Amino acid sequence: MDSSIEATVKQAREYIDADDVVELKRLIEEAPELLGWKDPEWGEPLILATTSYANYPGLEHEETWNRLECAKLLLDAGAVFDSRVYLRTLDTGAREMLAFFERRGLLPDNLRIASALGDLARVRSFFSDNG
């Protein structure tokens with residue numbers, strides 16, 4: 001990775017970790033290439049840094065380990081979003097983050113998503129009357 005973008009990505013991740021939306025916004029304005037950046041080894045987009053890396057389910061942990069405001073900022077600015085983002089969100093039980101992605105129209109319509117969101121009517125729609 002180019003050392004200048006590497007340093008910029010590192011700074012962006014530090015701002016995300018600190019939940020510093022003001023500095024993250026400033027950095028994106030200075031380096032809009034961050035929005036399309038993907039890790040050269042894993043192909044992960046920067047927005048993935050807004051989600052928890054470990055399984056800490058439960059509302060009392062969601063705000064501690066996820067950065068919803070940073071995710072909003074990145075998406076509003078046009079950041080790349082892919083399935084790894086919502087799959088990690090599903091795996092960690094970050095319901096508020098998942099609901100945000102749903103409101104943005106970023107999630108597929110499937111049973112796992114409907115279940116995670118607690119949408120019983122939608123869950124039922126995946127089954128026939130015969131079970």
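User: Is the crossing of H5 and H6 left-handed or right-handed?

Analyst: The model is predicted, and in this model H5 and H6 cross in a left-handed manner. As a general idea, a pair of packed helices is described by the angle between their axes together with the distance between the axes. In the present case, helix H5 (residues 83-92) packs against H6 at an angle of about 145°, and their axes are 8 Å apart.

User: Which residues of H5 meet H6?

Analyst: H5 contributes Val85, Tyr86, Thr89 and Leu90, and these meet Met97, Leu98 and Phe101 in H6. Sorted by class, the contact of H5 with H6 has six nonpolar residues, one polar residue and no charged residue.

User: How many helices and strands does the chain have?

Analyst: There are eight helices and zero strands. Followed along the sequence, the pattern is therefore α-α-α-α-α-α-α-α. The C-alpha trace spans about 60 × 30 × 25 Å along its principal axes.

User: What share of the residues in the chain is buried?

Analyst: Buried residues account for 40% of the 131 residues in the chain.

User: At what angle do the axes of H2 and H4 cross?

Analyst: Helix H2 (residues 21-30) and helix H4 (residues 68-77) have axes that cross at roughly 25° and come within 10 Å. Angles under 35 degrees count as roughly parallel, and H2 and H4 are therefore roughly parallel to each other. The crossing of H2 and H4 is right-handed.

User: Which residues make the contact of H2 with H4?

Analyst: On the H2 side they are Val21, Leu24, Lys25 and Ile28, and on the H4 side they are Glu69, Cys70, Leu73, Leu74 and Ala77. By class, the contact of H2 with H4 comprises seven nonpolar residues, two charged residues and no polar residue.

User: How far apart are the axes of H4 and H6?

Analyst: The axes of H4 and H6 are 10 Å apart, and the packing angle is about 20°. H4 is therefore roughly parallel to H6. The crossing of H4 and H6 is right-handed. Leu68, Ala71, Lys72 and Leu75 of H4 meet Glu96, Met97, Phe100 and Phe101 of H6. This contact of H4 with H6 divides into six nonpolar, two charged and no polar residues.

User: Which residues of H4 are buried, and what covers them?

Analyst: The buried residues of H4 are Leu68, Cys70, Ala71, Leu73, Leu74 and Leu75. Their cover includes H1, H2 and H6. Just after H4, glycine 78 has a positive phi of about 100°.

User: Why do the buried residues of H6 line one face of the helix?

Analyst: In helix H6 (residues 95-103) the buried residues are Met97, Leu98, Phe100 and Phe101. Viewed down the axis of H6, these residues fall within an arc of 155°, so they line one face of the helix. Just after H6, glycine 105 takes a positive phi of about 75°.

User: Where does aspartate 19 lie?

Analyst: Aspartate 19 is in the loop between helix H1 (3-17) and H2. Its phi is near 55°, a positive value in a residue other than glycine. Aspartate 19 counts as partly exposed, because its relative accessibility is 36%.

Notes: Residues are numbered from 1 along each chain as its sequence is written. This is a predicted model: local features need pLDDT of at least 70, side-chain atom pairs count only at pLDDT 80 or more; totals for chains, interfaces and linings use all residues. Side-chain values use heavy atoms; hydrogens and water are left out. Axes are lines fitted to C-alpha atoms, for helices over the stretch in contact, and angles run from 0 to 180 degrees between N-to-C directions. Helices (H or I, at least four residues) and strands (E, at least two) are DSSP runs, numbered from the N terminus. Angles under 35 degrees count as roughly parallel, over 145 as roughly antiparallel, 65 to 115 as roughly perpendicular and the rest as oblique. A crossing is left-handed if the near helix is turned anticlockwise from the far one by less than a right angle, and right-handed if clockwise. Contact means heavy atoms within 4.5 Å. Ala, Val, Leu, Ile, Met, Phe, Trp, Tyr, Cys and Pro count as nonpolar, Asp, Glu, Lys and Arg as charged, and the others, Gly among them, as polar. Buried means under 20% relative accessible area, exposed over 50%, partly exposed in between (1.4 Å probe, protein chains only). The arc is that of the directions from the helix axis to the C-beta atoms.
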